[in-house]
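This report describes selected features of one protein model. Please consult the sequence and the structure shown here while reading.

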Amino acid sequence: MNRFTTTTESEAVVAAERGDIWAVLTDPELLPRLTPLLTSIETDGDRWRWSMMRLAVLGVGIQPTFTERMRFIDGPEESRIDFTHEPPADTHEFTGAEGWYRLRDAEGGTHLAIRLTLHVELPLSRLAFPAVVGLMNVTLQRTGDRFVTNLLRHLDADEVPGSRVTR
């Protein structure tokens, strides 16, 4: 088993109120409807168990399910959601995520920044690293793009032109 990891960051200004975006990002029933590949989120207080569709990675089938400790910080200047992979005791999850969402008021709407580090353990050689990470990057980019499109449609909002940055 080898661990493959990738990180993505993106930010944009969304022509919507911060509270409306916050409401979407903290709704475990709505998020799977807006996020491609995500099938459900089960909650137990601040622990959320994310379940995804079955995926094939270089011929290896996986169906990621992972538990995240969610920390919601809502303040007058900025809202922040931090998430950390924290599986239940005595279990091992082969996939996990770390990262955050940051929201702050901006001219024309809300500045939304996202950082996501995703890891997956697969029975593949380390030599497969470039191919696996490349596939993870493409999948994250497409999923993120479709999530933004779905979020904007749900909020009946637009992205402020020229505000998107992805790293």
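## A buried serine

Ser 163 is buried, because its relative accessible area is 17% (buried means under 20%, exposed over 50% and partly exposed in between, with a 1.4 Å probe and protein chains only). This residue lies in the loop between α3 and β10 (165-166); helices (H or I, at least four residues) and strands (E, at least two) are DSSP runs numbered from the N terminus.

Leaving aside residues up to four places away in sequence, Ser 163 touches Glu 11, Ala 12 and Val 13, where contact means heavy atoms within 4.5 Å. A polar atom of the Ser 163 side chain lies 2.9 Å from the backbone nitrogen of Val 13.

## Basis of the model

The model is predicted: local features need pLDDT of at least 70 and side-chain atom pairs count only at pLDDT 80 or more, while totals for chains, interfaces and linings use all residues. Residues are numbered from 1 along each chain as its sequence is written, and side-chain values use heavy atoms, without hydrogens and water.

## Paired strands

Strand β7 (residues 78-85) runs antiparallel to β6, joined by seven bridges; two strands pair if DSSP finds at least two bridges between them. Here His 85 in β7 stands opposite Glu 68.

β7 also pairs with β8 in the antiparallel sense, over seven bridges. Phe 83 has Gly 99 in β8 as its bridge partner.

Definitions and conventions
Polar contact = N/O pair within 3.5 Å; in protein donor to acceptor, adjacent residues only side chain to side chain.
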